[in-house]
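Take a look at the model below. We will go through it region by region.

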Amino acid sequence: GTVIGGAGRAVRLLMFSDFQCPFCANYRHVIDSVLSDATLPVEVRLVHYPLSYHARAVEAAEFFECAAIE
């Protein structure tokens, strides 16, 4: 999965997410808050979990991974 906040950090979080899920979108501010307020270095690993009833979720995850390639 894609790493947000730098790899190999002291605290590792796995975030299972679907780009079309409104509930997943609501948690972005939580992740941002954790990254900015943490006293230890934090790594957030995004794990794509596209839900079957979201028509574009798989495609969105694929596009995201293509854009994240360095």
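Is His54 buried or exposed? His54 is buried, at a relative accessible area of 16%. Here buried means under 20% relative accessible area, exposed means over 50%, and partly exposed lies in between, with a 1.4 Å probe and protein chains only.

A word on the source. This is a predicted model, in which local features need pLDDT of at least 70, side-chain atom pairs count only at pLDDT 80 or more, and totals for chains, interfaces and linings use all residues. Residues are numbered from 1 along each chain as its sequence is written, and side-chain values use heavy atoms, with hydrogens and water left out.

Back to His54. His54 sits in the loop between β3 and α3 (57–68). Helices (H or I, at least four residues) and strands (E, at least two) are DSSP runs, numbered from the N terminus. Leaving aside neighbours within four places in sequence, His54 is in contact (heavy atoms within 4.5 Å) with Asp18, Gln20 and Cys21.

Now follow Cys21. Cys21 and His54 are 33 residues apart along the chain, yet their C-alpha atoms are separated by 7.7 Å. The loop between β2 (11–17) and α1 (22–26) holds Cys21. Cys21 counts as buried, at 9% relative accessibility.

What about the other cysteines? Cys24 is partly exposed, with a relative accessible area of 23%. Cys66 is exposed, at 54%. A disulfide is a pair of cysteine sulfur atoms within 2.5 Å. By this rule, the count is zero disulfides. Cys24 is in no disulfide: its nearest cysteine sulfur, that of Cys21, is 3.4 Å away.

On a 1 Å grid over the protein atoms alone, a pocket is an open set of points where a 1.4 Å probe fits, with protein on both sides within 12 Å along at least five of seven lines; lining residues have an atom within 4 Å of a point. Twelve residues line the largest pocket, and the closest to its centre are Met15, Ser17, Phe19, Cys24 and Arg28. β2 and α1 each supply at least two residues of the lining.

Met15 also belongs to the largest nonpolar core, with Ile31, Val42, Val44 and Leu46. Such a core is a set of buried Ala, Val, Leu, Ile, Met, Phe, Trp, Tyr and Cys residues joined through side-chain atoms within 4.5 Å. Strand β3 (residues 42–48) gives the most to this core, with three residues.
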